[in-house]
Amino acid sequence: MSFFPREKKGTQQRALKKRQSVLQQWQPGKYQELFETPFDVERAGSRNCENLVGSVAIPLSVAGPVKIQATCLTGEYLLPLATTEGALVASVNRGLKAINEAGGVQILSRKIGMSRAPVFNCQTIENAANLALRLQEKILQKQLQKWAEETSQHLQLKELQSWQRGPLLYLRLVFNTDEAMGMNMVSVATQKIAEELEKKFSQVELVSLSSNVCVDKKTSAINQLFGRGYAIQASVKLSEKIIQTVLKTSAAEIFRVHHYKNLVGSNVAASLEQNMQVANVVTAFFLATGQDPAHVVEASQASVFMEVQRKSLFLALTANNLNLGTVGGGTWLPAQSQARSLIAQGKNLSAQELAEVLAAAILAAELSGAAALASQSLARAHQRLGQGKGQNA
């Protein structure tokens, strides 16, 4: 039997049962937990996951609270983290303790927008150059904005850039997608814009809706420079006493690890990611709050700055690619929706506020992780917390 039974709209539950019945024949009675569906099957099966058979549970923890003074937020907030990596949440919590004793984290945030970049074949280099020039005209840009906004009342074209390679023109469009992360929205809007450009310019042919200049779910210099989603600056200054009592090391030793690992080590590896474990925290936060976890690739392109000021330590984070939302995708799922409600004691946060909370968690993990390396305690912590009772060494 096919795992894709043809079903009419509104019969996802029936299709689910057919798939489960086929799988059940392989090992009867072995898939009870896997087949559980604690969500609306009709909605999930038609919008989020084709060929739906069940769900996979991931342990959820709450770290914090953490004191935040940010562009949008002021107060104390909890951090829901879904992970199977032992010691991660403990590391975040230790970092948060140090940050709170220092008075909290300072955060600046701004919305960049979601990008999509089609590629056009203009047949000749002259045509490509001409289209690039025409796209800088205010009249045509207003027309592009109109075409985009016809596809969604929650979307607005903010800016565009273009690059030419021979007869090819790569057009990077950046949209405000309101509270959604917005990849589907910008894809639909970009398709509309591309079709209208083909009508307006006879020599222009859309080759691909996405050209890898977006850049979606891949590392890139362009996203580090221009940003995508939300851009964050976060900082904290830790006294000598806090570093000694909470982190069990010194500012000089933490900075030494940062210099040798995040700066020189990243250079040796030709890596643009000057951080220790940003991907760990972003993934855990994304899974907990219903985001697309593949966007951790872009989010991990973050840089940590450290400076020893006498015996204190100034620590700052730059993260220019935090792609998340509060509507769309998996944000509606019950558990993920409830996890978001934990953050501010039931208050519905905006996407920008979520990005600020995530930045605090990242900063805490970077601080605690570097301190663990400086004190030679990282392996012991993982051995103690990541290999608990019942696990193989």
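My cut-offs for burial first: buried means under 20% relative accessible area, exposed means over 50%, and partly exposed is in between, with a 1.4 Å probe and protein chains only. I keep in mind that this is a predicted model, where local features need pLDDT of at least 70 and side-chain atom pairs count only at pLDDT 80 or more, while totals for chains, interfaces and linings use all residues. Residues are numbered from 1 along each chain as its sequence is written, and side-chain values use heavy atoms, with hydrogens and water left out.

**Entry: aromatic pairs**

I looked for ring pairs, taking rings of Phe, Tyr and Trp (its six-membered ring) as paired if their centres lie within 6.5 Å; planes under 30 degrees apart are stacked, over 60 edge-to-face, and the rest tilted. How many aromatic pairs does the whole structure hold? My search turned up two.

Tyr31 and Phe35 make a tilted pair, with 5.6 Å from centre to centre and 40° between the planes. Tyr31 counts as buried because its relative accessibility is 19%. Phe35 is buried as well, at 12%.

Phe305 and Phe314 pair edge-to-face, at 6.3 Å centre to centre and 70° between the planes. Phe305 has 43% relative accessibility, so I put it down as partly exposed. Phe314, at 24%, is also partly exposed.

**Entry: nonpolar cores**

For a core I use a set of buried Ala, Val, Leu, Ile, Met, Phe, Trp, Tyr and Cys residues joined through side-chain atoms within 4.5 Å. Which residues touch the most other members of the largest nonpolar core? Ile68, Val92 and Ile254 do, out of 64 residues. Helix α13 gives the most to this core, with 16 residues. My elements are DSSP runs numbered from the N terminus: helices are H or I with at least four residues, strands are E with at least two.

I then listed the contacts of Ile68 (contact means heavy atoms within 4.5 Å), leaving aside its neighbours within four places in sequence. Ile68 meets Leu73, Thr74, Gly75, Tyr77, Val105, Ile107, Glu356, Val357 and Ala360. Another core, of 30 residues, lies apart from the largest one, and its members include Phe120, Ala148, Leu160 and Met181.

Axes here are lines fitted to C-alpha atoms, for helices over the stretch in contact, and angles run from 0 to 180 degrees between N-to-C directions. I call angles under 35 degrees roughly parallel, over 145 roughly antiparallel, 65 to 115 roughly perpendicular, and the rest oblique.

Helix α9 (residues 251–268) packs on helix α13 (residues 351–374) at about 100°, with the axes 8 Å apart. So α9 is roughly perpendicular to α13. On the α9 side I find Glu253, Ile254, Val257, Lys261 and Asn262, and on the α13 side Glu366, Leu367, Ala370, Ala371, Leu373 and Ala374. That contact has seven nonpolar, one polar and three charged residues. My classes: Ala, Val, Leu, Ile, Met, Phe, Trp, Tyr, Cys and Pro are nonpolar, Asp, Glu, Lys and Arg are charged, and the others, Gly among them, are polar.

Helix α3 (residues 88–101) crosses α13 at roughly 100°, and their axes come within 7 Å. These two are therefore roughly perpendicular to each other. From α3, Ser91, Val92, Arg94, Gly95, Leu96, Ala98 and Ile99 take part; among their partners in α13 are Ala360, Leu363, Leu367 and Ala371. By class I get 12 nonpolar, four polar and one charged.

Where are the cis peptide bonds I noted? One joins Gly64 and Pro65, with omega about 10°, and Pro65 is in strand β1 (residues 60–70). Another runs from Cys214 to Val215, with omega near -10°; Val215 sits in the loop between β7 (205–208) and α7 (221–226).

I also checked for positive phi in residues other than glycine. Gln123 has phi near 75° and lies in the loop between β4 (119–121) and α4 (125–134). Asp178 has phi near 60° and lies in the loop between β6 (168–176) and α6 (183–200). Gln123 is partly exposed at 43% relative accessibility, and Asp178 is partly exposed at 35%.
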